[in-house]
Amino acid sequence: MKIGFIGLGNMGGPMAVNLAAAGHEVAGFDLAAPCPAGVAAAESAAEAARGAEVVITMLPNGAILRAVAAEIHPAMVPGAVHLDCSTVDVESARDVAEAARAAGLDAVDAPVSGGVGGATAGTLTFMAGGSEAGFARVAPLFEVMGQKAVHCGASGDGQAAKICNNMILGITMIGTCEAFALADKLGLDRQSLFDVVSTSSGSSWSVNAYCPAPGVGPTSPADSGYRPGFAADLMLKDLRLSQQAAEAVDADTPLGHAATELYARFVEEEDGSGMDFSAMLPRFEKRGRDG
Ligand code: NAD
């Protein structure tokens, strides 16, 4: 397939490499990141998009996605698919899909989970929104870049699924870290807490697969000084998107709100920027009830 790929950063770079390695003809463009081996460097986003059957965007936020979409849609061949894999607000995803349809194109929003490791290994999970036909056309690309793709519904539903999932993740990680810090103060051994919780009703992915306590459970960023993994900064981005969406539809999300405030403090006022999101545990360890 002839593919345009715009946004060749930490995630987009390895995703484009995997598509090229699978035999697709990939033309890439990024304002700053270098074009990886196997991907043909285009002079502009419009040039990368010209003549492609699918144009993939992997960009930092909704405002940049809107600007890039306005540039590439007129350059794309009628009937081509704009596949956006960035994590952006639901409204931008829906507006960009609408703009694509108005330009005679198809659109699929498919944010990912799995991080840079998953992008490199080709094991991402895609949460997709868009038409059945659009989903079917990009499904072979999901198979190259990932191990699972869920068609969640219409345009924007992929983004909705992603921010709901990550709101749960942020809340459960904070709860897990609180519990381990409380256990420390109660004199309860961390391994014992893990052995109980990971096989009991308190279990979750945060405990079982990504335990924030070093040396406990499967290997996780806690075992390498909380080097990400999934950076606290990116968790904050996703939590903010969840609260923006909750406000737009008048949804009551008190724990999502509290998690957003905690990660904002951690990233912007404390030492959380650049750390894995599970570094909430050492943060709680240092504190008493008065903060
Ligand atoms: P990144 O900052 O490494 O990459 C984004 C790239 O977009 C950069 O290289 C930047 O130069 C480029 N860019 C910005 N504006 C551009 C423009 N107008 N034209 C062309 N290129 C432009 O970010 P990333 O970690 O690759 O994340 C990309 C997206 O994936 C984000 O939406 C992020 O939230 C999401 N995501 C990231 C992770 C992760 O672990 N890094 C996990 C899941 C989802």
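This note goes through the pockets, the cavity, the salt bridges, a surface patch and some backbone details of a predicted model.

1. Basis of the note. The model is predicted, and local features need pLDDT of at least 70 while side-chain atom pairs count only at pLDDT 80 or more, whereas totals for chains, interfaces and linings use all residues. Residues are numbered from 1 along each chain as its sequence is written, and side-chain values use heavy atoms, with hydrogens and water left out.

2. The largest pocket. On a 1 Å grid over the protein atoms alone, a pocket is an open set of points with protein on both sides within 12 Å along at least five of seven lines, and a lining residue has an atom within 4 Å of a point. The largest pocket has a volume of about 1300 Å³, where a volume is the space filled by probe spheres set on grid points that are joined across faces, edges and corners. Its lining is formed by 44 residues, of which M11, M58, G115, F230 and L234 are the closest to the centre. Helices and strands here are DSSP runs, numbered from the N terminus (H or I of at least four residues for helices, E of at least two for strands). At least two lining residues come from each of α3 (62–72), β7 (112–113), α5 (115–121), α7, α9 (205–208) and α10 (232–249), and α7 has the largest share, with six residues. By class the lining holds 22 nonpolar, 17 polar and five charged residues, where Ala, Val, Leu, Ile, Met, Phe, Trp, Tyr, Cys and Pro count as nonpolar, Asp, Glu, Lys and Arg as charged, and the others, Gly among them, as polar.

3. The second largest pocket. This pocket holds about 370 Å³ of space, and of its 13 lining residues the closest to the centre are E178, F284, R287, G288 and R289. Two or more lining residues are given by α7 and by α12 (280–285), with α7 giving the most, four residues. The lining of the second largest pocket divides into three nonpolar, two polar and eight charged residues.

4. The cavity. A cavity is a set of grid points where a 1.4 Å probe fits but cannot get out, and one cavity of 30 Å³ or more is counted. The largest cavity holds about 70 Å³ of space, and its lining consists of L65, H82, D84, A93, V96, A97, A107, V108, D109 and S155. The elements β5 (81–84), α4 (90–102) and β6 (106–109) each supply at least two of the lining residues, and by class the lining has six nonpolar, two polar and two charged residues.

5. Salt bridges around R190. The structure holds ten salt bridges, each being a side-chain nitrogen of Lys or Arg within 4 Å of a carboxyl oxygen of Asp or Glu. R190 forms one with D184, with the closest N and O atoms 2.7 Å apart, and the side chains of R190 and E285 meet in another, also at 2.7 Å, N to O. The pair of E285 in helix α12 and R190 in helix α8 links distant parts of the chain, 95 residues apart. Buried means under 20% relative accessible area, exposed over 50%, and partly exposed in between (1.4 Å probe, protein chains only). R190 is buried at 18%, whereas D184 is partly exposed at 32% and E285 is partly exposed at 36%.

6. A network of salt bridges links R265, E270, R283 and R287, and within it the side chains of E270 and R287 meet at 3.2 Å, N to O. E270 lies in the loop between α11 (254–268) and α12, R287 in the segment after α12, and this pair, 17 residues apart, links distant parts of the chain. E270 is partly exposed at 26% relative accessibility, and R287 is partly exposed at 22%.

7. Backbone details. A cis peptide bond with omega of about 20° joins P228 and G229, and G229 lies in the loop between α9 and α10. Y226, which is found in the loop between α9 and α10, has a positive phi of about 65° although it is not a glycine, and Y226 counts as buried because its relative accessibility is 8%. D250, in the loop between α10 and α11, has a positive phi near 55° and is exposed at 73% relative accessible area.
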